[in-house]
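Dear colleague,

Please find the structure below for your records.

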Amino acid sequence: MLEQKDLLELENLSKENIELILDTAQKFKKLFTKSVKKFPALKGKTIVNLFYEPSTRTRNSFELAAKRLGADVINIVSNTSSIMKGESLIDTGKTLEAMKVDFIIIRHSISGAPNLLAKNISASVINAGDGFHEHPTQGLLDLFTIKDKIKDIKGKKIVIVGDIAHSRVAKSNIFALKKFGANITLVGPSTLVPESFKTLGVEIDYDLKNAIKNADVINILRIQLERQTKNLFPSISEYVKFYKVTEDLVSSLDSNVIIMHPGPMNREIEISSHLADTKKSVILEQVTNGIAIRMAVLYLLSLFKNISKVSL
Ligand code: CP
């Protein structure tokens with residue numbers, strides 16, 4: 001059982017707890033890839049998706065995961081709620097709690113917003129991505145996908161390409177992968193790959209071709225122009241010239257290398273369209289695995305709160 005009310009970050013989640021989530025997700029994946037997709041462990045429970053930033057994958061994945069567990073789901077989008085009238089995050093959280101909701105899934109542009117909410121309400125809070133901080137369920141689904149393909153990732157080379165500085169996905173990946181002994185290389189322009197990341201025990205490179213030599217996994221991140229307060233590289237065409245990952249670059253590598261991207265993709269900017277659609281790409285498997293991971297997280301947190309109706 002996960003001995004915690006909330007899932008806010010992977011940095012402080014033990015390897016054993018991560019393994020528990022992955023094992024549980026494996027069972028849910030088996031279940032929902034069969035014809036009967038529902039497992040009513042959360043029947044009668046209510047889950048709120050509270051999203052202050054846009055999302056396709058994470059929000060819909062949490063909604064489907066919750067519905068497959070039999071829960072009721074409501075979606076709150078900041079631009080159509082009282083958030084627009086200046087309501088604070090804590091007041092929104094307490095208002096939802098007064099409606100007796102059981103889980104709040106929150107995405108916010110400010111790092112630490114989910115932690116603040118979790119401290120102020122008794123409902124379980126799950127971080128669906130906060131600022132530059134973490135995106136724990138993305139880190140878990142990426143780890144699940146890598147382990148599904150590679151099994152033992154100890155000593156394997158995982159290369160993360162692109163906008164590391166603004167990426168909560170990179171941080172959650174690093175925290176999770178390091179616990180399983182992976183060797184991680186970050187690559188991108190120096191303005192997007194700060195030297196300070198070396199303190200997390202990763203290698204840093206600024207040359208894409210060199211960085212991906214002997215890679216087992218290449219995880220390509222989106223350029224997050226919306227989070228950049230100043231121009232951190234001369235132009236998109238300059239970025240494309242030096243850091244777009246293409247089929248040509250990858251063809252010289254071990255044929256078993258897998259290509260990942262958390263989405264949404266900017267085709268022909270950070271990844272060539274052709275590469276995104278090749279057999280090496282597991283991008284859509286990441287999406288499928290995301291539902292299994294989110295079912296597992298919701299289920300395991302509900303066991304801690306003793307609100308689950310059914311045992312897996
Ligand atoms: N990977 C991810 O977080 O995608 P969304 O922004 O679509 O949720």
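Which residues are around the ligand? They are Ser55, Thr56, Arg57, Thr58, Arg107, His135, Gln138, Pro262 and Gly263, a residue being counted if one of its heavy atoms lies within 4 Å of the ligand.

Please note that this is a predicted model, in which local features need pLDDT of at least 70, side-chain atom pairs count only at pLDDT 80 or more, and totals for chains, interfaces and linings use all residues. Residues are numbered from 1 along each chain as its sequence is written, and side-chain values use heavy atoms, with hydrogens and water left out.

Oxygen atoms of the ligand lie 2.8 Å from a backbone N or O atom of Thr56, 2.9 Å from a polar backbone atom of Arg57 and 2.6 Å from an N or O atom in the side chain of Thr58. Taken alone, the ligand exposes 260 Å², of which the protein buries 91% (accessible areas by the Shrake-Rupley method with a 1.4 Å probe).

Domain 1 (15–135 + 287–311) and domain 2 (136–285) both contribute residues to the shell, so the ligand lies between them; the bounds come from an automatic or database domain assignment.

Arg57 also lines the largest cavity, as do Gln138 and Pro262, among others. A cavity is a set of points, on a 1 Å grid over the protein atoms alone, where a 1.4 Å probe fits but cannot get out; lining residues have an atom within 4 Å of a point.

Yours sincerely

Note on methods. A polar contact is a pair of N or O atoms within 3.5 Å; within protein, one must be able to donate a hydrogen and the other to accept it, and residues adjacent in sequence count only if both atoms are side-chain atoms. On a 1 Å grid over the protein atoms alone, a cavity is a set of points where a 1.4 Å probe fits but cannot get out, and a pocket is an open set with protein on both sides within 12 Å along at least five of seven lines; lining residues have an atom within 4 Å of a point.
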